[in-house]
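Hi,

Here is the structure I promised to pass on.

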Amino acid sequence: GCEDGSVRTIRQSNKLRGVRYDVRGPILAEAQRLEAEGHRILKLNIGNTAPFGFEAPESIVASMTHHLTEAQGYSDSRGIWSARTAVAQYYQSCGLKDTSVDDVFIGNGVSELISMVLQAFVDEGNEILVPAPDYPLWTGAVSLTGGTPVHYRCDEANGWMPDLEDIESKITENTHAIVIINPNNPTGAVYSKEMVEALVDIARRHDLVVFSDEIYEKILFDDAVHHHAAKAAGDDVLCLTFSGLSKAYRACGYRAGWVMISGPQERATEFLEGLTLLANMRMCANVPGQHAIQTALGGYQSIDELVVPGGRFHDQAMLADKLLNDIPGVSSVRPRGALYCFPRLDPEVYAIDDDEAFVIDLLRAKKILVTHGTGFNWFEPDHFRLVTLPDVEVLEEAIGRIAEFLAQRR
Ligand code: PLP
């Protein structure tokens with residue numbers, strides 16, 4: 001305090017003004033308050049696999065345990081050699097034959113790398129094209145840099161495909177990059193080869209960098225196929241591809257992700273030096289988690305069993321989709337990948353002005369936590385996102401309770 005006894009209010013930095021991350025925001029605080037009162041809350045607000053009975057492959061756990069003693073020291077700030085090599089070889093095996101160990105940075109999950117990359121790249125006033133709806137870290141992390149997230153519309157009537165005309169119409173001389181999330185969170189859309197090429201072609205024509213978040217690349221249903229943006233980008237569009245172990249290997253707590261840089265790196269030396277500086281400043285990603293990467297990417301891919309008919313990821317997603325669409329006034333585009341449904345509540349039937357309040361009402365009444373659509377920067381308060389991780393009995397129960405709640409609101 002001061003000599004006169006007054007004390008200063010301790011405020012958050014101005015940088016945080018307008019930064020939001022609603023999947024763990026006030027809705028989670030309310031859920032935790034209810035839990036403290038003794039209520040059991042079914043949390044369907046984040047894609048966290050472990051609480052729903054999914055286990056990381058044993059070989060991953062064994063690999064971390066095996067290396068635990070030698071993982072005590074800091075590693076190279078870009079990541080341990082074996083992990084970076086494994087990532088490079090993974091992309092080589094996907095047809096990106098020139099990917100090398102020097103193109104890869106390992107991070108504490110994709111989350112850290114998204115923030116680091118944007119901090120290294122964006123200046124105040126720069127505009128970054130971000131999908132709406134988006135995974136809200138992208139919008140929040142752009143805002144935190146002082147840059148401006150500019151949302152392009154994904155079209156629900158067209159399977160949530162990006163609206164290419166809307167993207168073009170939002171490009172200005174200040175636009176520096178476009179974010180692609182494919183497979184998409186929250187919509188479950190998976191983009192065709194033509195769509196990925198069209199998005200990258202916009203970047204090519206307007207000299208934009210591509211940030212491609214592909215963390216759900218292996219969670220694909222039915223005949224969905226994933227196409228790497230880096231392949232479409234070739235050697236003339238700078239492309240940063242983000243992925244990691246959190247989803248396909250059910251290992252989100254191990255915090256192991258990567259970014260792979262492709263394209264005309266000679267034009268980006270200063271940016272890449274900046275990224276290296278930021279990587280150096282945080283020393284390294286947690287080293288035990290890095291030791292899981294080579295093991296995960298090599299060998300048998302147990303994720304393949306979860307995404308086919310009869311596998312939990314597949315069957316739960318299809319059941320959730322069906323049950324949601326059975327509710328009057330609810331329509332949901334069937335997910336083609338990822339771990340979510342993003343249903344629409346017909347405004348003629350439900351008339352919601354504040355979807356966060358709606359979600360909190362649902363939570364209080366039915367003890368189920370979902371996330372409101374505007375939390376994903378969707379434009380209207382008429383959607384919510386449901387995580388499809390619970391097994392079919394729990395999903396039936398949960399969507400049943402959501403249906404009861406909605407019946408009272410019609
Ligand atoms: N990107 C998307 C689209 C996500 O959905 C998530 C997590 O849900 C992340 C990134 C963050 O993943 P990580 O655990 O690697 O930080």
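The protein is split into domain 1 (14-54 + 305-409) and domain 2 (58-297), with bounds that come from an automatic or database domain assignment. Bear in mind that this is a predicted model: local features need pLDDT of at least 70, side-chain atom pairs count only at pLDDT 80 or more, and totals for chains, interfaces and linings use all residues. Residues are numbered from 1 along each chain as its sequence is written.

The C-alpha centres of the two domains are 25 Å apart. Where they meet, 33 residues of domain 1 are in contact with 30 residues of domain 2 (contact: C-beta atoms, placed from the backbone, within 7 Å). On the domain 1 side, α12 (312-325) and β11 (340-341) each give at least two residues, and α12 has the largest share, with 3 residues. Helices here are DSSP runs of H or I with at least four residues, and strands are runs of E with at least two, numbered from the N terminus. That side of domain 1 has 18 nonpolar, 9 polar and 6 charged residues (nonpolar: Ala, Val, Leu, Ile, Met, Phe, Trp, Tyr, Cys and Pro; charged: Asp, Glu, Lys and Arg; polar: the others, Gly among them).

Now the ligand. Around it are 13 residues, of which Gly109, Val110, Ser111, Tyr135 and Ser246 come nearest (the cut-off is a C-beta atom, placed from the backbone, within 6 Å). Helix α4 (residues 109-121) supplies the largest share of this shell, 3 residues. By class, the shell has 5 nonpolar, 7 polar and 1 charged residues.

Cheers

Technical notes: Two residues are in contact if their C-beta atoms, placed from the backbone, lie within 7 Å.
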